[in-house]
Amino acid sequence: MSVEPIILVVGDEELLVDRAVGEVVASKRAEDSETEVIDLGPGALEPGRIRELTSPSLFGGAKVLVLRSAQDLGKDLTAEVLKYAKAPVEDVVLVAVHHGGAKGKALVDGLTKLKARRVSCPKVTKVGERVDFVRAEMRRLGGKISADAARGLVDAVGSDLRELAGACSQLVADTGGKIDDAAVARYYRGRAEVSGFTVADKAIEGQLGEALEQLRWALATGVAPVLIVSALAQGVRGLAKVGGAPRGARGAALAKELGMPPWKIDRVQRQLRGWTGDGVARALTVVAEADGQVKGGAADPAYALEKAVAQIVTARAQRRAS
């Protein structure tokens with residue numbers, strides 16, 4: 001990031017905001033290692049304080065002045081910041097951090113008109129956006145992750161970007177940088193959701209050996225059989241829903257029709273390429289039977305699940321036999 005004299009950081013995604021500010025500081029300190037950083041909230045400011053903080057020091061040296069929660073500055077301090085921004089002091093970088101929204105919009109509008117560099121850090125709320133964040137984070141760390149593995153990591157870790165960033169760092173450090181579904185499952189074995197859905201995906205994609213391996217591993221680490229059969233059922237029902245969708249329906253309209261996010265529809269559509277309608281119908285019967293067996297109809301739930309996985313793979317193979 002180049003170090004312009006005025007930088008406006010807008011958004012309330014804390015990790016991204018902290019990184020944006022950190023990059024400004026790092027860039028300025030690359031120019032001058034003695035750069036002073038002054039990090040202030042609105043409560044630490046009073047009229048005249050901006051001028052005082054940006055005045056040249058007797059000992060010289062660069063400064064980065066960070067104004068947090070700038071939407072709370074109030075009318076007088078906002079006017080003072082905008083006045084300073086019209087004639088910024090050399091070797092001083094002012095970073096205004098605004099949460100976004102209507103409050104304090106005069107500051108955002110004013111700094112924008114003055115050509116301040118704007119860095120957007122909006123809240124990441126959609127699953128697809130978190131998947132994109134994980135993939136970008138892996139690249140930033142020198143690693144690489146498949147889209148499916150990234151979704152698995154999001155399912156396992158949750159929506160907090162700091163936790164996702166930490167998980168990415170751990171995976172890159174421990175795996176050498178190339179991360180697939182198996183690596184995500186191995187490092188997050190305590191997450192039942194990942195375990196069950198990994199088994200389901202492998203079975204639906206016809207990977208019998210890997211599906212059985214993931215199934216045995218999940219059971220060995222304490223994942224309840226009922227969660228695994230539930231994941232199998234969701235996976236097969238997803239095939240049926242997407243496969244039975246009206247022809248020509250796409251994008252947002254299809255997502256609304258099916259009640260599924262677009263990224264999941266894309267994934268199921270890829271999985272459907274190995275299936276026929278008869279195969280999906282057979283798999284639906286298999287998961288219904290497995291559900292009854294796991295919930296009390298079978299003496300050995302593990303065997304019932306292994307049988308169900310094998311039968312799902314066989315149902316998919318009907319396409320080749322026809």
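I started with the sheet. It is open, with 5 strands in the order β2-β3-β4-β1-β5 and parallel pairing. I count two strands as paired if DSSP finds at least two bridges between them. Strands (E, at least two residues) and helices (H or I, at least four) are DSSP runs numbered from the N terminus. β2 (36-40) and β5 (117-120) are the edges; each has a single partner strand, so one side of each lacks a neighbour in the sheet. From one strand to the next, the twist averages 15°.

I noted the basis too: this is a predicted model, where local features need pLDDT of at least 70, side-chain atom pairs count only at pLDDT 80 or more, and totals for chains, interfaces and linings use all residues. Residues are numbered from 1 along each chain as its sequence is written, and side-chain values use heavy atoms, with hydrogens and water left out.

Next, one pair. β1 (residues 6-10) runs parallel to β4 (residues 92-98) over 5 bridges. V9 sits opposite V97 in β4.

Then the helices. α1 (residues 14-31) lies across β1, β2, β3 (63-67), β4 and β5, at about 180° to β4. α3 (residues 74-86) packs on the sheet and touches β1, β3 and β4, at about 140° to β4. Contact means heavy atoms within 4.5 Å. Axes are lines fitted to C-alpha atoms, for helices over the stretch in contact; angles run from 0 to 180 degrees between N-to-C directions.

Last, I asked how many disulfides there are. With cysteine sulfur atoms required within 2.5 Å, I get 0. The sulfur of C121 is 18 Å from its closest cysteine sulfur, in C168, too far for a bond.
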